[in-house]
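Let's walk through this one together, a question at a time. Have the viewer open and follow along.

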Amino acid sequence: MKEAVIPKATAKRLPLYYRYLKFLFDSGKNKVSSTELSEAVKVDSATIRRDFSYFGELGKRGYGYDVESLMNFFAKTLNEDKLTNVALVGVGNLGHALINYRFHQSDSIRISAAFEIDEDIVGRILDGVPVYSSSELVQQVKEQHIEVAILTVPTHSAQENADRLVEAGVKGIMNFTPVRLNVPDHVQVQNVDLTNEMQTLIYFLSHYKENKED
């Protein structure tokens, strides 16, 4: 694999490629072209070829891509061969939904611990996930060697909980709150603002005749 900095836009598309390749493999397909991939994942073939080029020669001209080898390559790239335990901070309506979701598109991601201030929930096991008191967050995250967390707490406590996650050694936070978190440079934050995404969709519907993906 080439030593290269992979653009974030490319990195965001890798799970999409992997999921479709896995679908093809499970369907018994042996090879696929960039054109076929393009039609399936709705990314133009030139972009797919450019994305793949960052990782070296993944296909053969005139043949396309070997589905199994490409699927395995992206599985390794995405750490699909390694189980990642995730902490969920905040077990409200959204937190419950994420626990029930079980990240069914990936066998390598598991919410292994949840944290909540509501004493009616603390101490319970929800769909196989133990719910700890928020006061135990730093201790449990350290003991369980958790490096990734999902934040679904009220806005007023978002930064406080982010600070505690950083103290516990978390390296990545998926932030479902509207707060833009202040974290050290070594901590990655992925902001997921559902209201913003919906407003953007409505704007596109109102101002563009054709829907186009970025």
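Q: Leaving aside neighbours within four places in sequence, which residues is L151 in contact with?
A: This is a predicted model, and contact here means heavy atoms within 4.5 Å. With its neighbours within four places in sequence set aside, L151 touches V89, A158, N161, A162, L165, I173, M174, N175, F176, T177 and L181.

Q: Which residues have the most contacts inside the largest nonpolar core?
A: That core has 22 residues.

Q: How many residues are in the second, separate core?
A: Look for L37, I48, F74 and A75, which are among its members. This separate core has a total of 19 residues.

Q: Why do the buried residues of α4 line one face of the helix?
A: Helix α4 spans residues 67-77, and its buried residues are V67, L70, M71, F74 and A75. Looking down the axis of α4, they line one face because they all fall within an arc of 140°.

Q: What covers the buried residues of α4?
A: Keep the buried set in mind: V67, L70, M71, F74 and A75. Their cover includes α1 (8-26), β1 (31-32), α3 (45-53) and β2 (65-66).

Q: Which residue caps the N-terminal end of α4?
A: Find the backbone nitrogen of E68; a side-chain oxygen of the capping residue lies 3.4 Å away. That residue is D66.

Definitions and conventions:
Residues numbered from 1 in each chain as written. Predicted model: local features only at pLDDT ≥ 70, side-chain atom pairs only at ≥ 80, totals over all residues. Heavy atoms only, no water. Buried < 20%, exposed > 50% of the residue type's maximum accessible area, 1.4 Å probe, protein only. Helix = DSSP H or I, 4+ residues; strand = E, 2+ residues; numbered from the N terminus. Arc of directions from axis to C-beta. Polar contact = N/O pair within 3.5 Å; in protein donor to acceptor, adjacent residues only side chain to side chain. Core = buried A, V, L, I, M, F, W, Y, C linked by side-chain atoms within 4.5 Å.
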